[in-house]
Amino acid sequence: MNELDALSLDFAVRHPDSFARVLARGTPGECAQILASLPPDRRAAIIARLPAARIIQLLESALYSPADWLAHAPFDDAVSLLSRIPRDRRVGLVNDLADRERRRQLLRHLQYPIHTVGAIVGDIPLRLEYQSLAVNAFEDLKRIASPSAGPAVVVDAEGRYLGVLNYWKLLTSMPPTGPIANYLLEVKPLRPETPLSSVAEDERWHRRDWLPVVDHKRRVLGSASREKVFRSVAGQHIGARRSYILVELLEDLALLLQTVLVKSLARKPLS
């Protein structure tokens, strides 16, 4: 490493959120150069803090091997990064890992039963460290198409969930001042193992389109939307109704065959 790389590494270790914010504002070429200057075990922590659009851009570039990000990162950073990767790519990336134990651990985080919240978890547009400056968060939010894309979550220095960003308070406090902690809205998160049928009864859906999802260590896994929850629950009810009808038809068919068999035996003459 040259002197510039050493400074970049120190900045990345001490202030990963600020480092990722600066990185996100660079060109793809600049981003590639800076990421290459970081040790493999630090890249995942930085990439997980980038806006969703930039992460997708990195995934689509031939310059990177995303499976290596997961392989070399500390486990908590690997989980955080995996939650930012589009859902349809996650299992493939994990299966590409050569480390059998790491692959098993990450697959356990991904493979939730279809009737649980974990099966419908989606990405979040932005995650903010609670000590980061609110004015910087405002600039990051302007790069997102719409707040309806999902909640911006607020995490502590170790990446543990604290709450969501209060968009309304931020927008009405122009210019925003102080740390993002001043704009924190405490929202109870969902757990991935919770049945969707139970979550659908949550009264918070009357006023919220999205709710964050965290694991047992409060690591952010993503978010669940009201639309996906209710659509999934409706699909389960339809599927259950179809199964019930099929069982009824099979029972009727069995009774009919039994009746035919009995009548056939009754007509058969004794030898």
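This model is predicted. Two cavities of 30 Å³ or more are found in the structure.

Start with the largest cavity. Its volume is about 120 Å³. The residues lining this cavity are Val 79, Leu 82, Ser 83, Arg 87, Arg 90, His 109, Leu 110, Tyr 112, Gly 118, Val 121 and Leu 221. Sorted by class, that lining has six nonpolar, three polar and two charged residues. Helix 7 (75-84), helix 8 and helix 9 each supply at least two of the lining residues. Helix 7 gives the largest share, three residues.

Now take two of those helices as a pair. Helix 8 spans residues 87-95 and helix 9 spans residues 100-110; they pack at an angle of about 160°, with axes 9 Å apart. The angle is over 145°, so helix 8 runs roughly antiparallel to helix 9. The crossing of helix 8 past helix 9 is left-handed. Helix 8 makes the contact through Arg 87, Arg 90, Val 91, Val 94 and Asn 95, while helix 9 uses Arg 103, Leu 106, Leu 107 and Leu 110. This contact has five nonpolar, one polar and three charged residues. Arg 87, Arg 90 and Leu 110 belong to the contact and also line the largest cavity.

Move on to the second largest cavity. Its volume is about 80 Å³. Asp 17, Ala 20, Arg 21, Ala 24, Arg 49, Pro 51, Leu 126, Arg 127, Leu 128 and Asp 140 form the lining. Helix 2 gives the most, with four. By class, the lining of the second largest cavity has five nonpolar, no polar and five charged residues.

Definitions and conventions. Residues are numbered from 1 along each chain as its sequence is written. This is a predicted model: local features need pLDDT of at least 70, side-chain atom pairs count only at pLDDT 80 or more; totals for chains, interfaces and linings use all residues. Side-chain values use heavy atoms; hydrogens and water are left out. Axes are lines fitted to C-alpha atoms, for helices over the stretch in contact, and angles run from 0 to 180 degrees between N-to-C directions. Angles under 35 degrees count as roughly parallel, over 145 as roughly antiparallel, 65 to 115 as roughly perpendicular and the rest as oblique. A crossing is left-handed if the near helix is turned anticlockwise from the far one by less than a right angle, and right-handed if clockwise. Contact means heavy atoms within 4.5 Å. Ala, Val, Leu, Ile, Met, Phe, Trp, Tyr, Cys and Pro count as nonpolar, Asp, Glu, Lys and Arg as charged, and the others, Gly among them, as polar. On a 1 Å grid over the protein atoms alone, a cavity is a set of points where a 1.4 Å probe fits but cannot get out, and a pocket is an open set with protein on both sides within 12 Å along at least five of seven lines; lining residues have an atom within 4 Å of a point. Grid points are joined across faces, edges and corners, and a volume is the space filled by probe spheres set on the points.
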